Amino acid sequence: MKHALLVVAVAGLSPGCGPSTPSTGPLRAGVATALVEVPVGAPTGGYSRSKAGDDPGSPWANTFPSTRGVHTDATARALALSNGVARVAFVRIDVCLITPSLRTRIRQLLDAAGEKGTFIVQATHTHGHVARFFEPVRIASATGPDFVALGMDTYDAELEVRIASAAVRAITDAFAGLVPVSVGSAVVDASGLNVDRRCENDPLYGPEYRDPSLTVVRFDEVDSSGAPVRPLTALTRFSVHGTVMSGANPLLTTDVTGAMELAASDALGVPVVFAQGAAGDVSPKTPALGFDGTQQLEWSGLEFARLAKQAFTEAAPGPARPTSTLRHVERGVLLTREALGYPRGQFPEYGGIGCMVGGKSCREPFQTPVDEGALLCGPVQPRPKLRTAVSLLELDDLAVVTLPGEVTTRVGQLALEALAPLGARRAMVFGYAQDHYGYLLEQDDFLRGGYEPTVSPWGWRMGQYLVGEIAALVSTRTEPQEKPTDAIPPEPTARPVVDSEAAPAIVTDTVALQRLETATFAFTGGDPGLGTPTVALEREEAGAFVPVKASPTRAVVNGPEIIRRYAATPTFAAQPMAMRRRHLWTASWETLPDTALGRYRLVATGRAQVSGQTQTFRLESAPFTVAASGGISALRARLVDGRLVLEPRFAPNPIGFEQGDPVRNLRVRDLESRPTDGALARGSAVEVSVQPPGGSPTTSMAAWDEARRGYSVELPAGPAGTWELSIAAGACTDRNGNRNRDVLRAQLTR
């Protein structure tokens with residue numbers, strides 16, 4: 001499994017009704033973000049996980065390991081659209097996949113908030129955030145194994161409500177902020193960011209078959225004449241699994257999709273909405289320089305932002321249209337063995353799981369004949385006939401179709417072809433939307449086996465069946481449609497909040513440090529059910545502490561810059577019924593070679609319950625200084641075109657894991673250097689001592705040479721052999737004021 005979320009609302013329509021009537025009004029748009037209140041301890045979804053012996057336990061986890069901290073918070077981000085009659089809100093949520101009960105809860109909460117309409121839910125497909133919102137689907141019978149729980153832990157209604165509530169807050173806030181807009185779009189090649197993850201279909205499609213395109217739809221606010229005056233937001237569509245962080249990672253994270261959205265938002269100066277494409281057979285690409293874990297997330301985000309900015313510039317819109325077409329149509333697609341076209345006896349009546357088809361490996365590929373498939377799939381429990389959902393959204397010359405599962409590249413291509421009769425200038429396919437039925441593959445692809453067919457409960461006909469339903473939707477989009485099946489989600493049971501043993505207080509205060517060191521701030525706070533404390537970074541300016549900015553539009557608050565971890569005493573595993581605990585929270589902020597010098601502090605705010613009373617708290621760390629580093633500690637030398645080139649470097653900083661937990665070197669220090677080599681210390685000039693074989697040393701000034709990526713100087717004439725090179729302690733200063741604490745030495749063979 002691999003997935004996150006997206007929502008669309010059309011005023012005055014119930015789910016599955018016919019299309020909205022195009023209005024004569026201009027387009028308006030709004031964007032808003034809401035936090036998904038995920039308690040630390042809740043498990044993450046997407047991988048099959050098992051508990052380690054030291055798992056601390058959590059009231060929020062069941063069969064999966066409990067998480068122990070937060071790298072990045074999950075959010076719901078909504079893009080609301082209206083042309084005066086139709087009202088459509090796109091929402092993506094940082095979760096793994098979509099369920100009917102989640103869709104139903106969102107609809108119920110929207111109704112209660114007075115926001116009527118249909119909706120489409122799409123997942124960002126992170127494998128690093130909250131699970132437990134997929135109702136059981138059992139093998140063979142109502143008492144059989146719950147195969148969904150193998151990748152999502154067991155169902156929990158309270159966590160589902162938290163997710164749905166965030167989606168609704170984002171939608172209602174986005175509608176409240178509607179402004180007149182104009183729209184433009186562009187596409188760029190982002191093939192450096194994803195790779196083909198399914199080798200089994202190489203004989204069908206060739207190697208590296210995937211969608212590398214990055215589409216940006218730009219919305220600019222306009223004045224009364226319709227002329228664009230400022231960017232409002234951008235929708236980015238890209239295909240990539242959220243699987244950079246491993247299944248052993250204990251930190252809640254939005255993974256690579258969140259990193260891409262965050263970095264693009266920083267670069268563009270507007271909130272970006274990330275939408276998943278046909279990512280069923282597409283993984284994130286490993287950087288050539290070997291960044292891993294959170295470093296890879298950061299690298300991927302920055303590279304995505306660079307490309308998104310290029311497309312954003314190309315997508316600059318012209319004047320707004322005086323009238324805008326906005327049409328959303330949802331179709332309920334019947335899921336039965338007969339509807340999909342399976343003869344009796346060829347496939348289980350209610351769907352099947354674990355279909356072991358195809359060759360044993362990609363080295364031994366072959367295709368299983370259809371008539372052999374029935375013996376190799378475990379039947380799903382009997383259940384009522386269901387209708388899943390496909391949706392069509394038309395916005396002037398743009399068209400979007402959504403599919404309920406992990407769309408593979410070929411099925412995505414076929415879905416785009418089904419949109420051709422619309423004549424749209426730009427068409428897009430969004431996977432992971434509205435529902436989840438595993439991987440959606442073409443028949444010949446499915447029958448070649450591998451992992452994907454084993455978790456696709458409607459078998460080899462599902463992908464092409466849905467493509468046919470899209471074609472039918474396109475041709476009947478002005479007519480009433482069947483409704484998708486509504487779920488009946490159970491009422492949640494709220495967990496009790498466990499008292500803190502005492503009022504929140506600082507446990508470990510911050511101390512002075514040099515760049516490349518990490519500031520640590522530990523404090524007692526409240527039960528995770530009350531929310532993860534917010535930790536902000538502030539810097540002293542003109543005698544007052546002010547927020548530190550990660551970008552012109554974003555302050556350093558929480559992750560990815562500040563990692564928050566949690567530990568309880570006693571643990572839940574040791575005493576699950578404890579009435580009081582010591583809730584210890586630890587925040588860490590890792591500095592970089594270019595971190596601004598000065599005095600800082602960390603400020604934690606949150607809620608705690610003491611003696612049954614909930615209170616807010618604010619804890620300020622002691623002011624601490626960040627000084628220049630003395631950590632330039634290595635010297636490399638090489639000859640380039642007869643010139644000596646010197647590379648002073650900081651110590652290597654590959655990310656450090658402890659049983660899957662990223663515990664050190666979480667940040668990228670140099671985008672152009674391998675972490676195993678250390679960041680390059682760039683400066684202006686450095687004095688170097690050069691000693692030829694058997695000769696006396698001389699000193700020369702080497703100037704920074706950007707083309708050669710080092711300090712460059714003409715090497716004096718001399719004999720062949722080993723030359724000794726050195727830079728005196730403190731003599732090498734980079735452009736940020738960092739120095740070498742000790743003498744730097746290197747050898748060069750000439």
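In this predicted model, the largest nonpolar core has 71 residues, and those with the most contacts inside it are Ile93, Ile106, Ile163, Phe523, Leu537, Ile562 and Trp589. The element that gives the most to this core is helix α3 (residues 157-176), with 10 residues. A second, separate core holds 38 residues, among them Leu419, Tyr437, Leu466 and Val467.

When residues up to four places away in sequence are not counted, Phe523 touches Ala505, Ile506 and Val507, then Pro533 and Val535, then His583, Leu584 and Trp585, and finally Ala604, Phe617 and Leu619.

For the chain as a whole, the secondary structure comprises 10 helices and 42 strands. The C-alpha atoms fill a box of roughly 90 × 65 × 65 Å along the principal axes. A compact globule of 750 residues would have a radius of gyration near 27 Å, and because the protein chain has 28 Å, its value agrees with that expectation. Buried residues make up 58% of the 750 residues, and among contacts with a separation of 6 or more, 76% come from residues 24 or more positions apart.

Helix α10 (residues 462-475) has 14 residues and spans 20 Å from its first C-alpha to its last, close to the 20 Å expected at 1.5 Å a residue.

The pairing of β17 with β19 is parallel and extends over 5 bridges, and within it Val401 has Val429 of β19 as its bridge partner.

Another open sheet has 7 strands in the order β34-β35-β40-β39-β38-β41-β42, with antiparallel pairing. The edge positions are taken by β34 (632-640) and β42 (744-749), each with a single partner strand, so that one side of each has no neighbour in the sheet. The twist from one strand to the next averages 35 degrees. Strand β41 (residues 722-727) pairs with β42 in the antiparallel sense over 6 bridges, and the bridge partner of Ser726 in β42 is Arg745.

Helix α5 (residues 255-268) likewise deserves a look. It has 14 residues and reaches 20 Å from its first C-alpha to its last, close to the 20 Å expected at 1.5 Å a residue. Because 12 of its 14 residues are buried, α5 is largely enclosed by the rest of the structure; the buried set includes Asp255, Glu261 and Asp266 as well as Val256, Met260 and Leu268. The helix is followed by Gly269, whose phi is positive, near 75 degrees.

Gln481 is placed in the loop between α10 and β21 (499-500), and it counts as buried because its relative accessibility is 10%, under the 20% cut-off. Its C-alpha atom is separated by 30 Å from that of Phe219, 262 residues apart along the chain. Ala140 is placed in the loop between β5 (122-123) and α2 (149-152), and its relative accessibility of 48% is why it counts as partly exposed. Leaving aside neighbours within four places in sequence, Ala140 is in contact with Pro379, Val380, Gln381 and Pro382, whereas the C-alpha atoms of Ala140 and Gln122, 18 residues apart along the chain, are separated by 29 Å.

How values were computed. Residues numbered from 1 in each chain as written. Predicted model: local features only at pLDDT ≥ 70, side-chain atom pairs only at ≥ 80, totals over all residues. Heavy atoms only, no water. Helix = DSSP H or I, 4+ residues; strand = E, 2+ residues; numbered from the N terminus. Buried < 20%, exposed > 50% of the residue type's maximum accessible area, 1.4 Å probe, protein only. Contact = heavy atoms within 4.5 Å. Core = buried A, V, L, I, M, F, W, Y, C linked by side-chain atoms within 4.5 Å. Expected span 1.5 Å × (residues − 1). Pairing = 2+ DSSP bridges. Rg over C-alpha atoms; globule rule 2.2 N^0.38 Å. Axes fitted to C-alpha atoms, helices over the stretch in contact; angles between N-to-C directions.
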